[in-house]
Amino acid sequence: MRPPRSGVAAFFGSRMLRLAIAALAALAWPAHAQLDAKQMASAREKAQVCFACHGPDGNSQNPDYPILAGQSWRYIYIELRDFKEGRRSDPHLSPMVANLSNEEMIELGNFFAAQKPLPIKFQADSAKVEAGRKTSDAVLCPMCHLGGFVGQNEIPRVAGQYPQYIKKQLLDFKAKRRTNDAGNMTSVASTLSEQDIENLSQYIANL
Amino acid sequence: MASHIRKVLAVAFALGVGFAASVTAQETGTATTTAAPMSSDLIPVSQAMLDGAAADAKNWIHPNGSYDNARFHAGNQINTANVAKLKPAFVFQTAVLESMETAPIVVNGVMFLTTSFNHVYAINAATGEEYWHYKQKLGPIVTVCCGNNNRGVAVSEGKLFMGTIDAKLVALDAKTGKLLWEAQIADPNLGYSETMAPAYVDGKVIIGTNGGEYGIRGFVKAYDANDGKLLWTFYTIPDKGQEGVWAVNDATGRDMHRDIAKEKADLGKDSSFWQRLGGGVWMTPAIDKKTRTVFFVVGNPSPDLYGAVRPGDNLYTDSIVAIDLDKGTYKWHFQYVSHDVWDLDAVSPPILTQAKDKSGKMVDVVIHGGKTGHIYVHERETGKLIRFSEAMIPQENMWVLPTKDGARMLPGANGGVEWSPMAINPKLHLAYAANLHQPMTYHVEEVPYPGGKLWLGGAFKTIPSEEQWGRLVAVNMDTGKVAWGAKTPQPLIGGVLATAGNLVFNGEANGWFKAFDAATGKELWKYNCGAGVNAPAVSYMVGGKQYIAVAAGGNNQIDAKRGNSVFVFALP
């Protein structure tokens, strides 16, 4: 007998996802332009202020702050815009993005997307990793985040992210403290237990 | 269209495949064949030619054949007696392997066709030889629901006009394909995009907008064809009065199960939502030059399924609307579904024709094929509903409200009749509509405005255990009765062509392109194009010979196999 589909799976096994994917595919196309050396230097200058928390070139050294290196430009852009326009908030970040223009947010997105993510120092619990893998398959995470959680377009890369950051985001979605996801992740997280979330964060961080 | 949305097919692996295909598509489209010099046959299209297009068998100079949107071609060289002999004359391959919804325009033997990602080609309409290839340089932000589609150009006086997926209107030199001007219509960051073919009339270019899945405020705008200057804007969501009349029933008299007392109380608390209420206009309007009136239908409210944040009738969503051609001012509207929470909106372009009124007198009408599965016949002057047709596809459980776990209702959210333009045969008084049957469950989720991200407020789910199919249906406009129906193995998206040869042409997602007897629905001819035929066919003549052309590029919404070609057929 097949296990019942979770609310997450049901929500995502829908045309909504197709739509979203179609939309995102479109979004990524034109702006994937590589920055040339001069543009990269200028972007790096703007990104300096981010390095204080997110680490050099976006390779965060502090597990409370996410790694931005290698993240999709479109996701970074959309999140910055949501911080600026109040759909997502953080006492540290919100004031820092308040004066960014759309062009600057795109530039920062392209800068961090072009950086190489470095592996985190992390000792995974193999039982939790395996349980997390099963949960990930059951709730269809890879449908949006793709296999290996490498992300695509508006959907973030989460592979190799700090487990405590992943856990915090999932708990925030579950508790609807974070609601800038257009209903997708809040719906997914609503059916996850705290143990599921712990397992998932171990599994994904270990990728 | 929200329609447009009309999205679908929901199995996990299919999704994965669909995405991969999209990625591939993005990487193609840069190469071109060596262009030949433009044919000296190309002539500027005058206003008189545009006005007389319905009787002009030589040219196809409106996306839907004429200002009436009738998609009825005057040529009868290809007819019921000889269509069985129809053969491909040539196949033109574009460089873009992605969903094709284009209605090619043909001017004196020169064809202008478009692809996804806003490429335009000018080719010889009798041989397929390429004259030029234009690639729109898209901006960094493109936000589209339902594919990177384009449905074609408008043409006039040596210019072509195209809407772009990054929400611009561009004018090209028809002879060279060079950009003449471009105008930013709206902000793609907020979910605005353009896929429709605009309409050209009397120096104006008229265009609507996509975005009903993103919380936009819809509109129809008119631009000066010479320089791209904005002339007027009609917002499909009025500043005031969008709560309407608190309609209890839909246009066919069925209860929509609204909690009107609660809606009224909610409206008192917050009425600011109208700025994000959706109301896209996806398809080319019909234009009545006599009365200087523009007719179009308006898509779903935003968010599609979650109605609690938008109390009221949500005017003019899910409506047919008539406005003044010169000033863009309101004339009348008729709403089919008030406070829609199913995305069963109005998308397929209206057609101007004549039909009998209730007393049997032949009158000017405007008709629309709805996602509900009905064809609606209205008095053209007032919008008053004369009749609605029998349901063309199964309807069940209407109008059950969406739930968190999903409520099953037919039709599914793609229709009925999606964006696919209908055709008519004015002699037979029949209207031909391409329908879908996709059983779905409707799910609602409480979701705040996500700032230009896809905002459905829930989900539409196909039901894997239930069969999906399509049906090409002929409806008698004088009675509303179904004259004939041809069931197809897959849902139909693309649109219909009717001709004076008493033929009806329609394509299918499995690659078949077919001709039917217009009076009886008997299948007379078919050809498999090898990729989904999900675009409306056109017809024209070159050197005294009639041709039928149709794009076979597949479709994003129903995930029909992608292709990159326009097939052109003629008698041997």
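Gly470(B) has Thr488(B) as its bridge partner in β29(B), and this contact belongs to the antiparallel pairing of strand β28 (residues 469-476) of chain B with β29(B), which extends over six bridges. Two strands are taken to pair if DSSP finds at least two bridges between them, while strands (E, at least two residues) and helices (H or I, at least four residues) are DSSP runs numbered from the N terminus. The model is predicted, with local features requiring pLDDT of at least 70 and side-chain atom pairs counting only at pLDDT 80 or more, whereas totals for chains, interfaces and linings use all residues. Residues are numbered from 1 along each chain as its sequence is written, chains are lettered from A and ligands numbered from 1 in the order in which they are written, and side-chain values use heavy atoms, with hydrogens and water left out.

The pairing of β28(B) and β29(B) is part of an open, antiparallel sheet of four strands in the order β24-β25-β28-β29 (chain B). Because β24 (423-425) and β29 (482-488) of chain B stand at the edges with a single partner strand each, one side of each has no neighbour in the sheet. Neighbouring strands of this sheet are turned by 25° against each other on average, direction ignored, where the axes are lines fitted to C-alpha atoms and angles run from 0 to 180 degrees between N-to-C directions.

β34(B) and β35(B) form a hairpin with two residues between them, and Gly543(B) in the turn has a positive phi of about 60°. The two pairings of β35(B) are set out below.

| Strand paired with β35(B) | Bridges | One bridge pair |
|---|---|---|
| β34(B), residues 538-542 | five, antiparallel | Ser539(B) with Ile548(B) |
| β36(B), residues 565-570 | five, antiparallel | Ala552(B) with Ser565(B) |

Helix α3 (residues 260-269) of chain B has Ile260(B), Glu263(B), Asp266(B) and Leu267(B) as its buried residues. They lie on the same side of α3(B) because they cover an arc of only 115° around the axis, the arc being that of the directions from the helix axis to the C-beta atoms. The face of α3(B) turned away from the buried side carries the exposed residues Ala261(B), Gly268(B) and Lys269(B).

Over all chains, a search of the whole structure finds 30 aromatic pairs, defined for rings of Phe, Tyr and Trp (its six-membered ring) whose centres lie within 6.5 Å, with planes under 30 degrees apart counting as stacked, over 60 as edge-to-face and the rest as tilted. Phe295(B) and Trp332(B) form a tilted pair, at 6.0 Å centre to centre and 55° between the planes. Since Phe295(B) lies in β16 (residues 293-297) and Trp332(B) in β18 (residues 330-335) of chain B, the pair ties together parts that are 37 residues apart in sequence; both residues are buried. Ring pairs also link Phe505(B), Phe513(B), Trp525(B), Tyr527(B), Phe567(B) and Phe569(B) into a cluster.

Note on methods. Buried < 20%, exposed > 50% of the residue type's maximum accessible area, 1.4 Å probe, protein only.
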